[in-house]
Structures are given as structure tokens and as C-alpha cells.
Amino acid sequence: MSMTKAEARSAARSAERIIDTRPVLIGVLALMFFVAFLRLYEQLFAWRFGLDSFSPEFQLYWMGLLQFAILASCLGAVGLVGFLWRTRDRDLANLGASAETRRLVYLVQWLLVFSLALFWGLSFFSEQTAVWHMTAVRDTDFTPSNIITFYIAYPLFSIIGLGAFFYAKTRLPTFAKGYSLAFVVLVVGVFMTIPNVGFNEWGHTFWAMDEGFAGPLHWGFVFFGWMSLATFGVVLLILRRLHELLGADALEQLYRR
């Protein structure tokens with residue numbers, strides 16, 4: 001049976017309510033602003049105060065930033081997970097089709113911001129770090145580029161990924177029933193780039209001083225970084241659920257809301 005004009009208008013209004021692009025726009029803009037701030041901070045203080053780890057300026061501009069970044073990352077992760085868990089949906093069994101569809105769209109937006117954060121962390125800042133170490137002689141493991149990359153950019157995408165995981169776990173029936181292997185691989189895999197930093201810095205201190213980007217010490221970053229491809233597995237789960245929701249019965253229910 002073809003839809004009448006009134007039903008079509010109702011469907012259009014429902015689609016507008018379901019697809020809200022404001023969260024992803026805010027997230028992307030906030031991420032880009034933060035990345036620009038980090039890059040500007042490096043431009044202003046890396047070469048001026050980042051070459052001598054024994055100088056008071058290094059302690060102020062870089063070790064102070066490191067300590068703040070570690071504290072902010074821990075508090076941010078605990079606060080975000082705690083908020084998502086505290087505000088979780090306790091009645092997912094009665095979640096309507098339109099509400100679930102809306103939340104699935106929000107999850108896709110969350111994954112988009114997560115993917116952009118992965119790019120800035122694992123690509124832009126990581127490659128910048130390799131260039132820095134092939135250009136400047138370092139006297140500490142906590143160089144300006146390392147602090148920005150390993151202790152700010154990496155925790156940033158890890159926290160965003162963790163938030164996406166708990167958002168799905170606490171608000172979507174598809175992910176609340178158990179543990180998605182793709183989602184676990186995605187979140188745990190990219191998080192493991194942070195512990196790999198310890199192995200990397202130990203190796204450069206006691207084993208291999210060579211900063212070749214393809215050196216064995218960097219293989220862990222590649223191995224765990226490629227686990228970000230599990231994003232496609234999560235998206236496939238989302239698409240499958242959307243296909244189920246947008247069947248004939250679900251569409252009829254959606255248009256009547």
C-alpha cells in the first residue's frame with residue numbers, strides 16, 4: 001500500500017527528530033579546536049623550552065603539562081564512564097523503535113568523532129613524533145612530542161572509544177545483551193597502544209636508539225592501531241539492527257509516533 005501525503009509528512013518529521021546532527025558537529029568542532037590548541041602549544045614552546053629537560057622552563061611548560069594530562073585523563077575516563085552508567089536506561093526491554101533508531105544514529109556519530117581522534121593520535125601526532133626524534137637529540141623520554149602524542153592524544157581517543165562502548169552498552173539492546181567482539185577488540189585494541197608506550201620507551205633507552213619508524217619497537221603500535229579496523233564490525237552490527245528496525249512493522253510504528 002502506498003503512503004499518503006500525510007503519512008509521508010509524518011515520516012519526514014520523524015526522520016528529522018531521529019537524525020540530529022548537532023552532537024556530531026559539536027564533537028568534531030571541539031576535537032578540531034583541541035588539536036589546533038595542541039599544535040599551537042607545540043609551535044610556541046617545543047623548540048624554545050623543550051630541548052633541555054633540566055631547565056626550569058621545561059619543568060613548567062612540559063612536565064607540568066604531562067602531570068595535568070595524566071590527571072585529567074584519569075578523571076575524564078572515570079567521570080565519563082560513571083556518568084553513562086549512572087544515567088543508563090534501566091528499561092531497555094520496552095525501548096521504542098524510534099528511540100532506539102535515534103540512539104543508533106548517536107552511536108554512529110560517536111564513532112565518527114572517535115575515528116577522527118584516532119587519525120590525529122595514531123597518524124598526525126605519531127608521525128610528527130617520529131620526525132621530532134629524527135631531528136632533535138633528546139635527554140629524556142618525556143619529550144614535547146611524546147607528551148603531546150602518548151599522554152594526551154592517545155588517552156583522548158581511548159576515552160572517546162570507551163565512552164562509545166559504554167553508551168552502546170547502557171542504551172542499546174543490541175549491545176546490552178552481551179559483549180560485541182568487534183567493539184571489545186576496537187576499544188581494548190586501541191587502548192593497548194598506551195601500555196605499548198612503556199615498552200617503546202624502555203627499548204629506546206636500553207636496546208635500540210634508532211628512531212626508524214618501521215623499527216621493531218614500533219610494531220606494537222601498528223599491531224594495536226590496526227585493531228581500529230574493528231570499527232567496521234561495529235558499524236555492521238548497527239546496520240543490521242537498523243535493517244531490523246526499519247522493516248514494515250517497525251516503519252509503521254515509527255510513522256504513528
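The chain contains eleven helices and zero strands, where helices (H or I, at least four residues) and strands (E, at least two) are DSSP runs numbered from the N terminus. In sequence order the pattern reads α-α-α-α-α-α-α-α-α-α-α. This is a predicted model, in which local features need pLDDT of at least 70 and side-chain atom pairs count only at pLDDT 80 or more, while totals for chains, interfaces and linings use all residues. Residues are numbered from 1 along each chain as its sequence is written, and side-chain values use heavy atoms, with hydrogens and water left out.

Of the 257 residues, 46% count as buried; buried means under 20% relative accessible area, exposed over 50%, and partly exposed in between (1.4 Å probe, protein chains only). The chain exposes about 14,500 Å², with 70% of that supplied by carbon and sulfur atoms; accessible areas come from the Shrake-Rupley method with a 1.4 Å probe, and for residues only the protein chains shown count as cover. As for contacts (heavy atoms within 4.5 Å), residues 24 or more positions apart account for 78% of those with a separation of 6 or more.

Helix H2 takes in residues 22–49, 28 residues in all, and reaches 39 Å from its first C-alpha to its last, close to the 40 Å expected at 1.5 Å a residue. That expected span is 1.5 Å times one less than the number of residues. H2 has a kink of about 35° centred on Glu42, the bend at a residue being the angle between axes fitted to the seven residues ending there and the seven starting there. Glu42 is also one of the buried residues of H2, which include Val24, Leu31, Val35, Leu38, Tyr41, Phe45, Ala46 and Phe49. Their cover includes H3, H4 and H5.

With a relative accessible area of 2%, Ser145 is buried.

Helix H4 (residues 97–133) has 37 residues and spans 52 Å between its first and last C-alpha atoms, close to the 54 Å expected at 1.5 Å a residue. H4 has a kink too, of about 30°, centred on Ser126. Phe114 belongs to H4 and counts as buried because its relative accessibility is 0%. Leaving out residues up to four places away in sequence, Phe114 touches Phe157, Ile160, Gly161, Leu186 and Val190. Phe114 and Leu156 are 42 residues apart in sequence, yet their C-alpha atoms are 9.0 Å apart.

Next come the charged pairs. Side chains of opposite charge can pair when their charged atoms come close. The structure holds four salt bridges, each defined as a side-chain nitrogen of Lys or Arg within 4 Å of a carboxyl oxygen of Asp or Glu. In one of them, Arg22 pairs with Asp20 at 3.0 Å, N to O. Arg22 counts as exposed at 58% relative accessibility, whereas Asp20 counts as buried at 14%.

Arg103 and Asp89 form another bridge, at 2.9 Å from N to O. Arg103 lies in H4 and Asp89 in the loop between H3 (56–86) and H4, so the pair ties together parts that are 14 residues apart in sequence. Both Arg103 and Asp89 are buried.

Glu244 and Arg241 also form a salt bridge, their closest N and O atoms being 2.8 Å apart. An α-helix has 3.6 residues a turn, so residues three or four places apart point the same way. Glu244 and Arg241 are three residues apart in helix H10 (residues 231–245), and are therefore separated by about one helical turn. Glu244 is partly exposed, with a relative accessible area of 46%, and Arg241 is partly exposed as well, at 22% relative accessibility. Salt bridges with shared partners join Glu100, Arg241 and Glu244 into one network.

Finally, the surface. Phe199, Trp202, Phe206 and Trp207 make a nonpolar patch of about 530 Å². Patches are built from residues with over 30% relative accessible area and no salt bridge, with like charges joined within 9 Å and nonpolar side chains (Val, Leu, Ile, Met, Phe, Trp, Tyr) within 5 Å. Phe199 sits in helix H8 (residues 193–206) and counts as partly exposed, at 39% relative accessibility.
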